[in-house]
Amino acid sequence: MRVQDLIDDLDTADITECSRIRMQLTTIGTEAIPFLIEAIRTHSGRKCWQAAKVLVAINGHEAIPILLEALDSPNLMLCQMAVELLEELGDSSVAPQLLKLLDHPKGFIRLRVIEALGVLRDQAAVEAMLSLLETSTSSAMRNTIIRALTRIGDQRALAAILVWRDDSDHHVRVSVLEAVHRFSIGESSNVTAH
């Protein structure tokens, strides 16, 4: 079967079949890369974000520039997948591009970006996250921000986190307690004082 045919077949809703095709494309390796990049740039259906997963499996570092392009995709699943894959690759140099998505119109994209910035421990995101935390009306957003700030470990965040210790949402209250614990024992490998 030709590489292009396999990529076109990534549009299937059959999870088992899609997994098999991704495995086959990964086995093909570098020969599939130009076709995968083209598929991602179509922003079309499932195949574009499935192609992104395969590209990362073949060569994560080669995938970074195309994943950064995908952050602006009108295909929200591709945008979300790009954020997740960039987080998975763990290259903190992508944090400035992720930071730009903190004002994305879709809340689920913002949540994924906040999680990724936390995993990448991006100090530059602290001020923006503190601002979002202060104005957030969503308990899911507050919880995600608190968890990300805790991972980043910047002491400036602790006072803003403590404001939410009596939040109506149980998950937020638990995250606040975890933050207090981690900051107090310096568990976060990145705890910094300013």
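Trainee: What does the accessible surface of the protein chain come to, and how much of it belongs to carbon and sulfur atoms?

Mentor: It comes to about 9,600 Å² (Shrake-Rupley method, 1.4 Å probe; for residues, only the protein chains shown count as cover). Carbon and sulfur atoms hold 52% of that surface. Keep in mind that this is a predicted model, where local features need pLDDT of at least 70 and side-chain atom pairs pLDDT 80 or more, while totals for chains, interfaces and linings use all residues. Side-chain values use heavy atoms, leaving out hydrogens and water, and residues are numbered from 1 along each chain as its sequence is written.

Trainee: How many helices and strands are there?

Mentor: Helices are DSSP runs of H or I with at least four residues, strands are E runs of at least two, and both are numbered from the N terminus. Here you get 11 helices and zero strands. The C-alpha atoms fill a box of roughly 60 × 30 × 25 Å along the principal axes.

Trainee: What share of the residues count as buried?

Mentor: Buried means under 20% relative accessible area, exposed over 50%, and partly exposed in between (1.4 Å probe, protein chains only). Of the 194 residues in this chain, 45% count as buried.

Trainee: Where does Ser-175 lie, and is Ser-175 buried or exposed?

Mentor: Look in helix α11, residues 170-185. Ser-175 is buried, because its relative accessible area is 3%.

Trainee: Which residues does Ser-175 touch?

Mentor: A contact means heavy atoms within 4.5 Å. Leaving aside residues up to four places away in sequence, Ser-175 touches Asn-143, Ile-146 and Arg-147. Across the chain, 62% of the contacts with a separation of 6 or more join residues 24 or more positions apart.
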